[in-house]
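Colleague: Before I use this model, I would like to go through the terms in its description one by one. Please set each value against its definition.

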Amino acid sequence: MTMTLTHDIELDKKVDLQLADDANKVRKITIKTAELLKAVKRAASIVNHNHANLVLRNIFFAITNNEVILRAENDSYSVETTIDPAHCVIEDDPRSVLFPAKRFLDIISKMSGKNTTIFIRDSHIRIKSGRANMDIGIQDSDEFPALPKIKKGNTFEIAADALLDMYSRTVFATSKLQSMPVLQGVLHDIEDQRFRCVATDRHRFAQVYHPTAIECEPMRVSVPAITINEVMKHLKEKKSDTIKVTVKDTRVIYDMNDTVLYSQVLEGTYPDTNRIIPTGAKASVTVPNSEFLGAVKRAAIFLDDSGSSKITLMIDGEKNQMRIQSLDSDEGTMLEDMTTLKGEGEFATSTMNGRYLLESLNKISGTAHVEIKITTGLPFLLRETNALEGNVNVVVPVKHRLDSSTGIENFMPDYSDGEGDPFADRADGYAEQASEDTESQEGAA
């Protein structure tokens, strides 16, 4: 009995010593500073430093057997980024801790050494880089939310630059209102291997198709604009990569190689947007995009701070004439005439929110020519002449007194046609005077 008790006591002592040794054990990891900073920036950028849940003010930092994982979360989405094993030297067992996001980013961004070494001991960490040594308190990672486990979903692959282009041409048109949450996102619609992105706030509409077939089951979900904007930041860094997008139940996952983003999709049924796109037009013209954009920007000078000031377009397809004007601002007015490259149909006019028109044009600024279709009182349609047929921008018109106009009066597309060029006239005068002086000198000789 005594021997058994002595053995148990000795065993308990060994366990206690082992636990104490584990608690005091220093875990060491060395990471290339540039790669560590890149990963910390990605994680810290989504952290709400004033979040009511104190745990979510931190970055989850996990050391596995061969890599380092950083994770952050806010109320809208989670981001997990992995540092490539080639940039890490891990000298001990796996461990995960929580770093205060703001402080951790501040420390790593100011490190001057080529490499950064992190020593982890219980709730204390030392960070060493170059000549600098910094100590920082940490928390245990147990309370940090776990990522959702998605076994299998509806997945498709797409080039990062293609997805970035589709998002940049649509997300601006999402709704900011809470009354219909599903419109606060970009619709991802895949049917018969055709993938399109759609956004509308019921005042404007943007639709872009992917140019090639997408291998995927049918899909129709709305991804929040706040998620789309975050994904775009990552896509800009990975334009040559291929991205995997997975939808499962109420979640969407973007696998961008070393970074994975998890988000909820929006609830509700996205409305049928086909009715928004006008099927015909009373008049249509094709114009150089740079010239049209320049004219609209000049008209937008007089938009008020609310962005609700109006711009009126008048086009006469048969005469190849177009007029852009802004007349309702207390700050001033603007009128500019253009001769179009091609035109069809009769005279038509459309008045719309100037900010909506300018934003739509800015998203297709890289194209050479744009086609404009107008039927008085119906949605205004804008599309690139060299784009897919379904790639369109639509702006819903507003009522205006100019809508009753019957034609473009006093059309003057070129300043010099109306009044001549005074500098050219002056140059001609100088030349004429010089000629007379020469003749006078020759006569005197």
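**Strands, sheets and charges**

Modeller: Arg121 stands opposite His124 in strand 8. This is a predicted model, in which local features need pLDDT of at least 70 and side-chain atom pairs pLDDT 80 or more, while totals for chains, interfaces and linings use all residues. Residues are numbered from 1 along each chain as its sequence is written, and side-chain values use heavy atoms, without hydrogens and water.

Colleague: What makes strand 7 and strand 8 a pair?

Modeller: Two strands pair if DSSP finds at least two bridges between them. Strand 7 (residues 115–121) and strand 8 (residues 124–129) run antiparallel and are joined by five bridges, so they meet the rule. Strands are DSSP runs of E with at least two residues, helices are runs of H or I with at least four, and both are numbered from the N terminus.

Colleague: Which sheet holds this pair, and which strands are its edges?

Modeller: The order is 5-1-7-8-9, an open antiparallel sheet of five strands. Strand 5 (88–90) and strand 9 (132–137) are the edge strands, each pairing on one side only. Neighbouring strands here are turned by 15° against each other on average, direction ignored; axes are lines fitted to C-alpha atoms.

Colleague: Why are strand 15 and strand 23 called edges in the sheet of nine strands?

Modeller: That open antiparallel sheet has the order 15-12-13-14-27-26-25-19-23. Strand 15 (219–224) and strand 23 (342–345) each have a single partner strand, so one side of each is left without a neighbour in the sheet. Inside the order, strand 26 (residues 380–384) pairs with strand 27 (residues 392–395) over three bridges, in the antiparallel sense. Leu381 has Val394 in strand 27 as its bridge partner.

Colleague: Why is Glu384 with Arg169 called a salt bridge?

Modeller: The term requires a side-chain nitrogen of Lys or Arg within 4 Å of a carboxyl oxygen of Asp or Glu. The N to O distance for Glu384 and Arg169 is 2.5 Å, so the pair qualifies. Glu384 lies in strand 26 and Arg169 in the loop between helix 4 (160–168) and strand 12 (185–191), so parts 215 residues apart in sequence are tied together. The rule gives 21 salt bridges.

Methods
Axes are lines fitted to C-alpha atoms, for helices over the stretch in contact, and angles run from 0 to 180 degrees between N-to-C directions.
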